[in-house]
Amino acid sequence: MRHRVRKNLKFNWKTFSHRKAMERNLLTNLFLHKSIKTTPKKAKAIVPLVDKLINIVNTKDEMTAIRQVMQYLFTKESSIELFKNIAPKFKDQRKSWFTRITPIKYRDGDGAKIVLLEIL
């Protein structure tokens with residue numbers, strides 16, 4: 001029996017606040033720059049959140065969407081970018097798969113795999 005091991009968490013060695021801050025930071029930078037370079041595990045961890053935020057913007061009314069999106073993003077600029085440029089492209093087209101993960105290289109320092117996560 002594996003006690004006190006959460007199988008559903010992507011990063012078991014990080015605290016909840018660290019995981020949440022890392023996810024918010026990645027999401028904020030992804031919406032600002034439209035692509036980021038990161039490890040595959042971090043990229044796969046935020047893909048469902050990207051889908052969720054774009055669907056919130058496209059389906060809910062504006063004030064509710066603003067309140068819910070700002071729980072996930074750090075800056076006002078990234079939320080404006082999401083509302084004005086990113087989400088309207090996908091309205092009435094698709095419900096998920098808004099991102100692409102492309103392997104790039106291996107990091108020099110520790111040999112970790114680096115991928116490019118970009119919004120389509």
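The second largest pocket is lined by Glu-62, Ile-66, Val-69, Met-70, Ser-79, Ile-80, Phe-83 and Lys-84, where a pocket is, on a 1 Å grid over the protein atoms alone, an open set of points where a 1.4 Å probe fits, with protein on both sides within 12 Å along at least five of seven lines, and lining residues have an atom within 4 Å of a point. The model is predicted, and local features need pLDDT of at least 70, side-chain atom pairs count only at pLDDT 80 or more, and totals for chains, interfaces and linings use all residues. Residues are numbered from 1 along each chain as its sequence is written, and side-chain values use heavy atoms, with hydrogens and water left out.

The volume of this second largest pocket is about 150 Å³, a volume being the space filled by probe spheres set on the grid points, which are joined across faces, edges and corners. At least two lining residues come from each of α3 (62-69) and α4 (76-90), and α4 gives the most, with 4 residues; helices (H or I, at least four residues) and strands (E, at least two) are DSSP runs numbered from the N terminus.

Helix α4 also holds Ser-78, which counts as buried because its relative accessibility is 0%; buried means under 20% relative accessible area, with a 1.4 Å probe and protein chains only. Leaving aside residues up to four places away in sequence, Ser-78 touches Thr-28, Phe-31, Leu-32 and Leu-73, contact meaning heavy atoms within 4.5 Å.

Helix α1 (residues 16-33) has 18 residues and spans 26 Å from its first C-alpha to its last, close to the 26 Å expected at 1.5 Å a residue, the expected span being 1.5 Å times one less than the number of residues. Among the buried residues of α1 are Arg-19, Met-22, Thr-28 and Phe-31, and the buried residues of this helix pack against β1, α2 (40-59), α4 and β3. After α1 comes Lys-34, whose phi is positive, near 70°.

Strand β1 pairs with β3 (residues 113-119) in the antiparallel sense over 4 bridges, pairing being assigned if DSSP finds at least two bridges between two strands, and Ser-35 stands opposite Glu-118 in β3.

Overall, the protein comprises 4 helices and 3 strands, and of its 120 residues 36% count as buried.

Definitions and conventions. Buried < 20%, exposed > 50% of the residue type's maximum accessible area, 1.4 Å probe, protein only.
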